Amino acid sequence: MAALLELEDVHAGYGQTSVLHGVSLSISDGQVVSLLGANGAGKTTTLRAITGGVHWTGDIRFAGRSLRRMHTEDLVRRGIAHVPEGRGILTELTVDENLKLGCYLRRDRAAVRADYQRVFEYFPVLRDRRRLSASTLSGGEQQMLAIARALLMRPKLMLLDEPSLGLAPLVVRAIFEIIRTINQTDRVAVLLVEQNARIALEMSSHAYVLEVGHVAINGTSSELQGNESVRRSYLGY
Amino acid sequence: MQELTQQILSGLATGGIFASLALALVLIYNAMGLVNFAQGEMAMFSTFIAFTLIDRGMSYWIAFPLTLVIAFVAGVVVQRVVIRPVERAPVLTLVIVTLGLATLVNGLAGFIYGYVPRSFPSPFSVQTVKILGAYASYQDLGVIAVSGVVLLAIYVLLQRTTIGLTMRAAAHHPEASRLLGVRVSWMLALGWGLAAAVGAVSGIMVAPILSLEPNMMQTIIIYAFAAAVLGGIESPVGAVVGGLVVGVTVNLAGAYLPFVGGDLQLAVALAIIVGVLILKPNGLFGRAAVRRV
């Protein structure tokens with residue numbers, strides 16, 4: 001099966017500091033893949049390389065096409081929704097305007113309406129707060145808004161950067177439940193960056209562990225969960 | 001009482017002019033975190049274009065919108081050619097670039113049109129009409145109406161249309177907007193075009209009062225700065241309210257404070273700038289700058 005997203009020997013960094021030293025990974029259609037590792041291992045930089053937020057060499061292919069020299073705006077329009085570190089909420093705008101920006105490029109109006117219904121079913125709190133400034137939302141609500149907006153983009157692939165960060169365990173559960181639902185209903189592939197390895201491995205079918213800028217281990221999630229020494233030295237539980 | 005009403009009405013007319021230019025400053029400030037020091041000069045040059053069109057026999061009400069279109073295109077071109085290459089440069093570089101642009105446009109206007117003041121036509125008669133027990137000139141009422149329509153149009157564009165939404169998104173959150181597919185660079189260029197067009201309105205409205213010459217906008221821009229600062233520099237609504245407040249205040253001060261008269265009105269504007277910066281640095285509609293460490 002051809003991969004939806006493929007990274008091949010990707011090097012990337014900020015100015016003189018290189019962060020990724022040859023990362024290779026692949027995700028196929030509809031698959032959930034976890035990207036794990038300690039702070040500073042290069043998880044966020046990997047996501048940023050994919051959407052062109054950082055200069056990279058090597059090759060990144062999405063749906064059979066190289067993303068080299070492609071602008072962020074254009075590759076996003078090809079079906080990648082990136083919920084970045086810090087959630088990427090436009091706090092100067094209202095909740096509704098944030099959602100609108102998720103689907104303003106879509107022309108299939110009826111489907112957009114249906115997607116709005118779904119979003120509000122998943123996250124009823126967003127319907128109640130539609131007219132409020134997004135800056136008034138709590139951390140968990142902002143994460144919900146970010147995921148709702150990503151859903152409205154109708155992507156082929158979602159890149160989620162630590163959706164659990166700073167949230168209460170119950171909220172994390174609820175959000176991951178909905179990520180799973182979205183994955184299963186829409187066959188959206190998900191690349192999930194997480195510190196919380198336990199919950200990430202429960203969701204994903206495959207996982208990569210990054211260590212200072214390269215892939216230290218990769219395998220199916222159950223393999224990684226089962227391997228005591230991997231768990232202890234890399235995943236910390 | 002009658003005179004007070006009259007003074008307020010005429011203050012609102014000049015306030016509308018200040019508000020237009022202040023709004024132009026705010027639009028650019030939101031897009032690049034800096035006011036465009038060439039905004040007034042660009043407005044002056046646009047007014048010369050309107051003058052040329054009318055001088056060649058075009059009707060005022062065709063020349064006016066046509067000038068706004070030309071100003072819009074010129075604003076976009078200036079952003080693409082002059083500003084974009086230094087987009088990521090330090091603030092001081094951008095200050096110098098816009099100051100240089102101001103000098104360039106001013107010199108260019110002098111070179112092409114000369115420094116002899118010309119009278120600029122007004123479509124409104126100077127006759128007066130009685131409203132609210134006071135006599136208001138059609139000129140003042142016309143300026144208020146035109147500014148009002150233009151400012152309302154900008155408001156609708158920014159708040160009620162998709163393109164306005166993406167412009168606001170690009171200005172405030174460039175990185176996050178890119179991830180949503182917004183062509184940020186072009187949105188900023190549209191912002192420049194819009195600012196140039198609104199600025200042109202202020203130039204065309206003030207020209208019949210001041211007479212047209214290359215340095216015409218140099219005092220107006222100070223009033224516009226005062227208006228923008230009073231409104232909170234980031235807020236389009238604040239710029240409009242600030243413009244009206246500055247217009248009325250300056251007019252009343254000129255009329256009722258004997259030591260101000262006609263000569264010290266600019267000092268009133270400067271006093272407003274200094275006063276706001278000392279007492280309420282975020283202006284009337286601005287929010288406190290919060291920086292996370």
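Predicted model: local features only at pLDDT ≥ 70, side-chain atom pairs only at ≥ 80, totals over all residues.
How many of the five residues of strand E8 (residues 189–193) of chain A are buried?

**Entry 1: strand E8 of chain A**

I found that five of the five residues of E8(A) are buried, so the strand is largely enclosed by the rest of the structure.

E8(A) runs parallel to strand E3 (residues 32–37) of chain A, to which it is joined by four bridges, and Ser34(A) stands opposite Leu192(A). E8(A) also runs parallel to E7(A), and here I noted five bridges. Within that pairing Met158(A) has Val190(A) as its bridge partner, and Leu159(A) has Leu191(A).

**Entry 2: the two sheets of chain A**

I placed E8 in an open sheet of six strands with mixed pairing, whose order in chain A is E6-E7-E8-E3-E9-E10. At its edges I found E6 and strand E10 (214–220) of chain A, each of which pairs on one side only. The twist from one strand to the next averages 15°. Helix H1(A) packs on this sheet, where it touches E3, E6, E7, E8 and strand E9 (206–211) of chain A, and its direction makes about 145° with that of E7(A).

I also traced an open sheet of four strands in chain A, with the order E2-E1-E4-E5 and antiparallel pairing. Strand E2 (17–28) and strand E5 (65–66) of chain A stand at the edges with a single partner strand each, so one side of each has no neighbour in the sheet. Helix H1 (residues 43–50) of chain A packs on this sheet, touching E1, E2 and E4 of chain A, with its direction at about 70° to that of E2(A). Strand E1 (residues 3–14) and strand E4 (residues 56–62) of chain A run antiparallel and are joined by six bridges; I noted that Glu6(A) stands opposite Arg61(A) in E4(A).

**Entry 3: helix H6 of chain A**

I checked the length of helix H6 (residues 139–152) of chain A: at 1.5 Å a residue its 14 residues should span 20 Å, and its end C-alpha atoms are 20 Å apart, which agrees. Twelve of the 14 residues of H6(A) are buried, so this helix is largely enclosed by the rest of the structure. The buried residues include Glu141(A), Gln142(A), Gln143(A) and Arg149(A), as well as Met144(A), Leu145(A) and Ile147(A).

Which elements cover them? I listed, among them, strand E6 (80–83), helix H3 (95–103), helix H4 (109–122), helix H5 (124–128), strand E7 (157–161) and helix H7 (169–186) of chain A.

**Entry 4: positive phi values**

Most residues other than glycine have a negative phi, and I therefore made a note of the exceptions that I came across. Just after H6(A), Arg154(A) takes a positive phi of about 50°. Phi of Arg87(A) is near 80°, and I located this residue in the loop between E6 and H3 of chain A. Arg87(A) is buried, because 24 other C-beta atoms lie within 10 Å and the cut-off is 20 or more.

In chain B, Ile233(B) has a positive phi of about 45°. Its place is in the loop between helix H9 (217–231) and helix H10 (236–256) of chain B, and Ile233(B) is buried, with 24 other C-beta atoms within 10 Å.

I recorded eleven helices and two strands in chain B, which follow the pattern α-α-α-α-β-β-α-α-α-α-α-α-α along the sequence. The radius of gyration of chain B is 19 Å, close to the 19 Å that the globule rule gives for 293 residues, so chain B is as compact as a globular protein of that length. Its C-alpha trace spans about 55 × 50 × 35 Å along the principal axes, and 48% of its 293 residues count as buried.

Lastly I looked at the contact between the chains, which takes 17 residues from chain A and 14 residues from chain B. On the side of chain A, helix H2 (72–77) and H3 are the elements that give two or more residues. By class, I found seven nonpolar, five polar and five charged residues on that side.

Notes. Residues numbered from 1 in each chain as written. Chains lettered and ligands numbered in written order. Expected span 1.5 Å × (residues − 1). Contact = placed C-beta atoms within 7 Å. Nonpolar A, V, L, I, M, F, W, Y, C, P; charged D, E, K, R; others polar. Pairing = 2+ DSSP bridges. Axes fitted to C-alpha atoms, helices over the stretch in contact; angles between N-to-C directions. Rg over C-alpha atoms; globule rule 2.2 N^0.38 Å.
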